[in-house]
Amino acid sequence: MNTKRKTANSFYFALLLLLSVIFLFPIYLVLMNSFKSKFNIVGTPFEFPNGETFVGIENYINGINSSGIIDAFLRTAFITVGSVIAIIIFTSMTAWYIVRVKSKFNKAIYYLFLFSMIVPFQMVMFTMTAVCIKLNLNNIFGIIPVYLGFGSGLSVFMFSGFVKGMPREIEEAAMIDGCSPLKTFFLVVFPILKPTAITVAILNAMWIWNDFLLPYLLLGTTDKTLSVAIQIAMQGAYGSIDWGGFMAMLVLAIIPIIVFYLICQKYIIKGVIDGAVKG
Amino acid sequence: MASISLKNIKKTYEDGVTVIDNLNLEIKDREFVILVGPSGCGKSTTLRMIAGLEEITEGELYIGSRLVNNVSPKDRDIAMVFQSYALYPHMSVYKNMAFGLKNRKTPKDEIDKKVRAAAKMLDIEKYLHRKPRALSGGQRQRVALGRAMVRDPAVFLLDEPLSNLDAKLRTEMRSRISMLHKELKTTFVYVTHDQTEAMTMGDRIVVMKDGVIMQNDTPQMLYNHPQNMFVAGFIGSPQMNFIECTVRRDKNGFHAVFEEYDYLLPERMNGPLSLYTDKEVIIGIRPEDMHSESFYFKPDGANTVNLHVDIAEMTGSDYFLFGTAGKKRIVAKISAAEEIKNDTVCKLAVDIDKIHIFDKISENLICD
Ligand SMILES: Nc1ncnc2c1ncn2[C@@H]1O[C@H](COP(=O)(O)OP(=O)(O)O)[C@@H](O)[C@H]1O
Ligand SMILES: [Mg+2]
């Protein structure tokens, strides 16, 4: 490697390191402050907890006890899991169908899905909220089909991309082996789609878990999700914010999705077709 | 047990291109039939229509005595081996083979018996628990065969099953598939673009070109009596030599005349050739029907050709001579008794008895 490339590389490394620090620093701040007493957080937010300011898990206990965060947690988990399962099942089948059955109508549907990725949520949110309330979708069950709608654009796009690269002969072999289309899908196609399904699951789980606007509009402050609960806690009762409990809630809100990501990431887009065809 | 009958079959793809038009073919029960032809001639399309994977635009397809145009693949009692093998990547070899039986609700112990018997026959018992990606190409190929075998189908369809294998494995699998056919006693329809596979494996060969059957015959008949120039050129390697000549008639009979050569043609050709006096025809001579002059014991030494040898390839027992006679390019295959050098002239005798004569315009056989 010549010196010019070396210099360039060290420069990029430094730049990326700086960016990483900028992104990670807020998380570090939250984590660190969640162990400090609530009076020290506001005064000296950047100081590491010491013997005097360290309060152990007191903030966590306070945070959990206040503000119905356990309910919010369960609600969010229910919505996320339900929506992700619905998205995976419906969009994978849709993608398989529109890729395999060639027609003008299917092509139009495909582009409609692509188009839905471009439309910003803010543009449709008020009309959509009104429609959803009319349709009685403003509860934790009703919000799942709404998430299915918002998640399907990207998911159909990703599944379609993968199905296009899948050799058709495998499905034909299944048909000859006695499978109906449904059986072909669930016994042969879906297992092959698994890595894509996991990628789609992670992407959707992350934004649905962290989403604020949609649950706030549809569920309001009665059926709070985690992000809504946190927001309300931060507004507090006229200035008396429990910053310690707040930090602890933030940490608790981040943990599940990170754990989910770590469990799944090894499956992301790993070639499973190897060995199916020639080679 | 099943015969297959294609009656006036037509296939037009969605893009409006007609790939096959008015195809008629009868395949007898237990026959090993080969569809052969250059890439893109519609072999796979034909096979896939028999399998039910491709809709038939027009015509009738019978398997046994049953009209199956609208019968789904799973109810046609067929099995298919794909060129790409198309194994289920997420299932073990055992499950790949058992899948079809399981879908048909075969009892578990019967499935086990059949899968193990097939695995034994194909020498893949050791790999039953492996996933396809942990197998070599040849092993995958055998799994694909096994998956088709266990179902005891009435018809076996194979689409270029050996074309992804290396030369040595291909030879081995060729005889394995031939043996399989003898043991299973079912109808085999085998697609290939490889004439060696076609000639060595089939009871009957169907040569196709642009969706049309050029000839449908036994390997011997195809080789010795090709009905047109396409078949004559397609079967045999190196290719048959085609030489344009003029037909002349004198008191001795008919002659084929080109450059400075004049061959008296066998008497049996007199009838068909009478319409071609003084007209141009194309004669076909297989490279192996030319001989080095000293080894050719025909009394008259008239049918000779002076071949200017550009390249002489020694294969051990034979020489392949690539050269020219006048302006015509000619390939000859002669016994390697004496040494032949590049850039020499070699006097060869043509076995005029084995000559084929084709019409120049229709390219169909006149006589042979
Ligand atoms: N799904 C399809 N849509 C349109 N044309 C096709 C399709 N499949 C095959 N063809 C065309 O049909 C012709 C015959 O194809 P095929 O039967 O696969 O040939 P072969 O197997 O003899 O090589 C080719 O010209 C090919 O381009
Ligand atoms: Mg083909």
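The questions and answers below look at the cavities and the ligand surroundings of a predicted model.

In this predicted model, local features need pLDDT of at least 70 and side-chain atom pairs count only at pLDDT 80 or more, while totals for chains, interfaces and linings use all residues. Residues are numbered from 1 along each chain as its sequence is written, chains are lettered from A and ligands numbered from 1 in the order in which they are written, and side-chain values use heavy atoms, with hydrogens and water left out.

Colleague: How many cavities of 30 Å³ or more does the structure hold?
Modeller: On a 1 Å grid over the protein atoms alone, a cavity is a set of points where a 1.4 Å probe fits but cannot get out, and its lining residues have an atom within 4 Å of a point. Grid points are joined across faces, edges and corners, and the volume is the space filled by probe spheres set on the points. With a limit of 30 Å³ or more, the number of cavities is four.

Colleague: Which element gives the largest share of the lining of the largest cavity?
Modeller: The lining of this cavity, which holds about 60 Å³ of space, includes A:Ala173, A:Ile176, B:Ala144 and B:Arg147. Two or more residues each come from α8 (168–176) of chain A and from β6 (78–81) and α4 (137–149) of chain B, where helices (H or I, at least four residues) and strands (E, at least two) are DSSP runs numbered from the N terminus. The largest share, three residues, comes from α4(B).

Colleague: How many charged residues has the lining of the largest cavity?
Modeller: Ala, Val, Leu, Ile, Met, Phe, Trp, Tyr, Cys and Pro count as nonpolar, Asp, Glu, Lys and Arg as charged, and the others, Gly among them, as polar. By these classes the lining has seven nonpolar residues and no polar ones, and the number of charged residues is three.

Colleague: Which helix gives the most to the shell around ligand 1?
Modeller: The shell, whose residues have a heavy atom within 4 Å of the ligand, includes B:Tyr13, B:Gly42, B:Lys43, B:Ser44 and B:Thr45. With three residues, the helix that gives the most is α1 (residues 43–51) of chain B.

Colleague: At what distance does a polar side-chain atom of B:Thr45 lie from an oxygen atom of ligand 1?
Modeller: A backbone N or O atom of B:Cys41 lies 3.2 Å from an oxygen atom of ligand 1, and a polar side-chain atom of B:Tyr13 lies 3.2 Å from a nitrogen atom of the ligand. For B:Thr45, the distance from a polar side-chain atom to a ligand oxygen atom is 2.5 Å.

How values were computed: 1 Å grid on protein atoms, 1.4 Å probe; cavity = no way out; pocket = protein on both sides within 12 Å on 5 of 7 lines; lining within 4 Å. Polar contact = N/O pair within 3.5 Å; in protein donor to acceptor, adjacent residues only side chain to side chain.
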